[in-house]
Amino acid sequence: MAILEVRNIVKNFDKLKVLKDISFDVEQGQVVAIIGPSGSGKSTLLRCINQLERADGGEITVDGTRMFYTDKEKGRVVYASKKELREIRLKIGLVFQNFNLFPHQSVMKNITGAPIHVLKMPKDEARKKADELLEKMGLVGKENSYPCELSGGQQQRVSIARALALNPKILFFDEPTSALDPELTGEILKVIKELAKEKMTMVIVTHEMAFARDVANHVIFMDDGYIVEEGSPEELFGNTQNERTKQFLARFKN
Amino acid sequence: MDWESIKKVTGILLEYLPNTLKLFAVTLLLSIPVGMVVTLLKKCRFKPVAWLTNLYILIMRGTPLMLQIIVVYYAVPMMKASMERDGSQGFFSNFIKNIDTRSDSYMFTALCIAFVLNYAAYFAEIFRGGVDSIPKGQYEAASMLGMTRMQTFFRIILPQVTKRVIPATSNEVITLIKDTSLANIIAYAEITMKAKQQMNTYSSIVPLFIVGIFYFVMNAVVTVAFAVIEKKFNYYR
């Protein structure tokens, strides 16, 4: 059974149809890259899966728990109970484009806040876990720094550590390198590759084709609210037969 | 005015300074929490509550504080007089009738009510601006981490709002120190009223300059205090 099942998702902003009919699966341990031009609905899709937007149709199941479905007779979306939605939320981590770290808290507090206050983890256990994560992220010695004292790449790694501190089953990335200098995207790529080795399930929305090619084992190409094509990176980047995909990728070849 | 008289006037003003400070302190300590509550009421999802709160803010900010002081101060004696004429009974009537409107404590209470209601409206607007200035991403990050609405507000939003509202709050506090002089309209024995009396006693304008120095020094203290507080919050941007 797939860990994430997305079926026929529809999302409108007033009259603008952003997601028209999106279906895909993510398997345990898979790294999925979602690529496509600006305005194709990639981020909106991620936000629907992460409960930051309400979908207008379709069905999503996370790790066997149905988040919402569409009642065909009434023609509207029915979400799971608050308790279930909260359980689902804790299985999902999201890394934002702009990091969204809490500026008034030290790196350590950013990471341990949710484990302590949401999961009710003992403080020393949360700190131990945070130390491990900081080491993994190459941020040893930064635990007492504040986000404003760190570079963009470091901030993004803190936000990855913060998401991982809750032991999510799936980690989502919403254009994790878009706010970074090109030289800094390498450090994020390295971290994501490291996580992929540990069989972390990840879904990454990105503009970086090299990034998608390097790290993903499944690529989804979206355009105009639809999934145009999906497959392995070799298939998609190597020899796509789809005209629209070819056209999009041609811009990155040069 | 000779040096001896200046000393004497200063001594009298110092004697009545606690009255000014008392009004200042009570207003400050109460209007900030009341202002926070008003901010929350303004953001209430039940619209009539939000509308009423807006109306309250509109009136408090739209009319002079001096007028508000007079209205609050004379409201009870007026009600009392009309109740005594009608001979009306009941819990509320008896409560009003039992208030000794000639007492000092009545005057001070009336002043505090007027000042707190007025200043809470200003603080509410400052806090609202502070809350609105926190980026949406902070709420989204908190909710992705499973925090409840309460946790998000008290752990993530409020500490950041505090930092952002400090400059505007210091403005209000400085204004409040000067506004305490409005209490002289109902003959509250604060320093401006005393300075006016001394001006008449000595037929000299010097007492007014002395009282001016009093306000100036108090505001200097407040300014320095806020500079220190601002610095304390400078550990992050």
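1. Strands here are DSSP runs (E, at least two residues), numbered from the N terminus. The pairing of E5(A) with E6 (residues 76-79) is antiparallel and spans four bridges; two strands count as paired if DSSP finds at least two bridges between them. Arg76(A) in E6(A) is the bridge partner of Asp71(A).

2. The model is predicted: local features need pLDDT of at least 70 and side-chain atom pairs pLDDT 80 or more, while totals for chains, interfaces and linings use all residues. Residues are numbered from 1 along each chain as its sequence is written, and chains are lettered from A and ligands numbered from 1 in the order in which they are written.

3. Strands E4 (residues 57-62) and E5 (residues 65-71) of chain A also pair in the antiparallel sense, over three bridges. Val62(A) lies opposite Thr65(A). Two residues separate the strands of this hairpin, where Asp63(A) has a positive phi near 50°.

4. Met222(A) belongs to strand E10 (residues 218-223) of chain A. Met222(A) is classed as buried because 24 C-beta neighbours fall inside 10 Å; the cut-off is 20 or more other C-beta atoms within 10 Å, with C-beta atoms placed from the backbone. The C-alpha atoms of Met222(A) and Ile35(A) are 6.2 Å apart, although 187 residues separate the two in sequence.

How values were computed. Buried ≥ 20, exposed ≤ 12 C-beta atoms within 10 Å, placed from the backbone.
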